[in-house]
Amino acid sequence: MRLTAQTVRDVDFREEIMPIYQCISPEGLLDESTRGNLAEEITRIHCDATGVPPSFVNVTFTDVPDGRYFVAGEPTTHSVVNGAIRAGHDVATRQTILRNLSQTWTRLTGQPEEELLISLWENQAENAMEAGSIFPAVGQEQQSLNKTASG
């Protein structure tokens, strides 16, 4: 997937207002191709649900060696997807994201849903900053872009 810059008066906004999805899985579960497919699908899921452009979505992957992840005090091979998103999306939107992430992860990795924990962490927009700019509230992205470009 090729991401294009979003510009207003030659100011690049593609690194503004980004949700971050952190994918933590057992070492060896994901190969490079699967990571790429997951990143594309996570981006699509978030964009379809929220209406933001793909260039706003970050996806990271961390492999966990055996013996480094425990559930109930016992080693496990579970995976975790944590999504840090801006507060303001309604329950239906958040639950759609959760369901789609779970189904996609299972389909692409073969890992059963019983071994997957997914969580969306909502951040108040005014409590997050990237590239020197405070995030706008949900639904205020274009106004923020216009204000920054004219200011």
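In which helix does A49 lie? A49 lies in helix 1. The structure is a predicted model, in which local features need pLDDT of at least 70, side-chain atom pairs count only at pLDDT 80 or more, and totals for chains, interfaces and linings use all residues. Residues are numbered from 1 along each chain as its sequence is written, and side-chain values use heavy atoms, with hydrogens and water left out. Helices (H or I, at least four residues) and strands (E, at least two) are DSSP runs numbered from the N terminus.

A49 has a relative accessibility of 26% and therefore counts as partly exposed; the classes are buried (under 20% relative accessible area), exposed (over 50%) and partly exposed (in between), for a 1.4 Å probe and protein chains only. Contact is taken as heavy atoms within 4.5 Å. With neighbours within four places in sequence set aside, A49 is in contact with T93 and I97. The C-alpha atoms of A49 and T96 are 7.3 Å apart in space, although 47 residues separate the two in sequence. T93 has its place in helix 2 and, at 16% relative accessibility, counts as buried. Residues up to four places away in sequence not being counted, T93 touches A49 and T50.

Helix 2 comprises 19 residues, 91–109. The expected span of a helix is 1.5 Å times one less than its number of residues. For helix 2 this gives 27 Å, and the end C-alpha atoms are 27 Å apart, so the two values agree. At the start of helix 2, the backbone nitrogen of A92 has a side-chain oxygen of D90 within 3.3 Å. This falls under the definition of a polar contact, a pair of N or O atoms within 3.5 Å; within protein, one atom must be able to donate a hydrogen and the other to accept it, and residues adjacent in sequence count only if both atoms are side-chain atoms. Helix 2 is followed by G110, which has a positive phi near 80 degrees.

The buried residues of helix 2 are T93, I97, L101, S102, T104, W105 and T109. Their cover includes strand 3 (20–26), helix 1 (32–50), strand 7 (79–86) and strand 8 (116–123). For I97, the contacts beyond four places in sequence are Y21, I45, H46, A49, T50 and L120. Another residue of helix 1 is T34, which is buried with a relative accessible area of 14%. Apart from neighbours within four places in sequence, T34 is in contact with L108 and T109.

A nonpolar core is defined as a set of buried Ala, Val, Leu, Ile, Met, Phe, Trp, Tyr and Cys residues joined through side-chain atoms within 4.5 Å. The largest such core has 18 residues, of which Y21, I42, V81, I97, L101 and W105 touch the most other members. Strand 3, helix 1, strand 7, helix 2 and strand 8 each give two or more residues to this core. Helix 1 provides the largest share, 4 residues.

Charged pairs were examined next. Side chains of opposite charge can pair when their charged atoms come close. A salt bridge is a side-chain nitrogen of Lys or Arg within 4 Å of a carboxyl oxygen of Asp or Glu. The whole structure contains 5 salt bridges. E41, R44, D48 and R107 are linked in a network of these. Within helix 1, E41 and R44 are 3 residues apart, about one turn of the helix, and their side chains meet at 2.8 Å, N to O. R44 also forms a salt bridge with D48 at 3.0 Å, N to O; these two residues of helix 1 are 4 residues apart, again about one turn. R44 is partly exposed, with a relative accessible area of 37%, whereas D48 is exposed at 57%. In the salt bridge between E41 and R107, the closest N and O atoms are 3.6 Å apart. E41 lies in helix 1 and R107 in helix 2, so this pair ties together parts that are 66 residues apart in sequence. R107 counts as exposed, at 55% relative accessibility.

Most residues other than glycine have a negative phi. A72 is not a glycine, yet has a positive phi of about 55 degrees. At 77% relative accessibility, A72 counts as exposed.
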